[in-house]
Amino acid sequence: MNNSAIYIHIPFCDHKCIYCDFYSLINYDNVANYLTALKKEISKQSQFYKDSHKFNTIFFGGGTPSFMEPAYIGEIIDHLQKGLKFEEQLEITMESNPGTVDFNKLKDFKSVGVNRISFGVQSFDENELKFLTRIHDKQTAIENINAAEKAGYENISLDLIFNLPKQTKKNWRKNLETALTLPVKHISAYSLILERGTILNKMLLDGKVKMQDEDYDADLYEITIDYLTNKGFQQYEVSNFCLPDYECVHNLAYWRYRDYLGFGTSAHSFMNGKRWWNYSALNFYLSNIKKKENAIAGEEIVLKTQQYEEFVMLALRSYGIDLNELESKFGNVFMKSNSDFINELIEDKILIKENNFLKFTTKGVTL
């Protein structure tokens, strides 16, 4: 029985950042109703998977889960554990925005079960934070991360964004340097992406901002890889770096093509070769849960050929393709039909094959 993952979407936020395209709400009118609906959805789905699956990770994303009271998050965790089976070693991650927590609140989150915290820092540069319309400043981010360590979190992650308009290589390197002065075990470093419907995309269309080109983006990415790997962090996925043994277990579940259940607005699930997704709009979600105990907006059966393609793509994003697992799941068609091309990529030092894994080299990742 492979370990599976659980994602919980908390849509509530007090501010919408210009680059964000995740479903979020800037009001708290339905916080209590949402908890009731979540518990009902969890109870219904648990009936189907309580005997067939065991879970080793719960991830609270958003929105801003850390805006909630610890008891709110704790009630969700308790409800999950009543209906589903979990491994003794259970990773429970909560996303947090600096400025939404303090030492006491962090300690209370830990007491209800959260044992991994991921801070959406994005930058330690004051001008960049203002451009991104973040609610915190550099000092608040530093204080919150140090408070998390003091509160007993041994597994702390932070997010950073590079290739902002006008961002210099010096400023980006300074962000990385500042991050490594803090007690973090994991860093997610993402290139700024323009998403349709965001404020940032409209600013670009209106000519108010100008994005830097792909070559500059690639330079910043190479700086990231070189700097972090030279400091002892390993790159275990395209955008994710960690100290040894501190990979995000939840993320690995996605990249290793494990089953996962998603609960809440806009959440996605993938179980036993079937994929489905919930309504994003809160009113649709609440009304559907009330009527039929699910809020499924669409679903699909993922055909074997599509599973094969997704498995290969996700594996190459991370540690590489486990060729034994690939063959046991899908046969040996991949190596047979692509042998010439694969050998060419190996000769060009884009791919490497070792310990029966096929993976990108650093050169391959940065192409």
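Q: What covers the buried residues of H12?
A: The cover includes helices H11 (304-317) and H13 (333-347), plus strands E13 (321-322), E14 (351-354) and E15 (357-360). Contact here means heavy atoms within 4.5 Å. Helices (H or I, at least four residues) and strands (E, at least two) are DSSP runs, numbered from the N terminus.

Q: Where do these numbers come from?
A: This is a predicted model: local features need pLDDT of at least 70, side-chain atom pairs count only at pLDDT 80 or more, and totals for chains, interfaces and linings use all residues. Residues are numbered from 1 along each chain as its sequence is written, and side-chain values use heavy atoms, with hydrogens and water left out.

Q: Which residues of H12 are buried?
A: Leu 323, Leu 326 and Phe 330, within helix H12 (residues 323-330). Buried means under 20% relative accessible area, exposed over 50%, partly exposed in between (1.4 Å probe, protein chains only).

Q: Why are they on the same side of H12?
A: Because they cover an arc of only 60 degrees around the axis. That arc is taken from the directions from the helix axis to the C-beta atoms.

Q: Which exposed residues does the face turned away carry?
A: Asn 324 and Ser 328.

Q: And what happens at the start of H12?
A: A side-chain oxygen of Asp 322 comes within 3.1 Å of the backbone nitrogen of Asn 324.

Q: What about just after H12?
A: Gly 331 has a positive phi of about 85 degrees there.

Definitions and conventions. A polar contact is a pair of N or O atoms within 3.5 Å; within protein, one must be able to donate a hydrogen and the other to accept it, and residues adjacent in sequence count only if both atoms are side-chain atoms.
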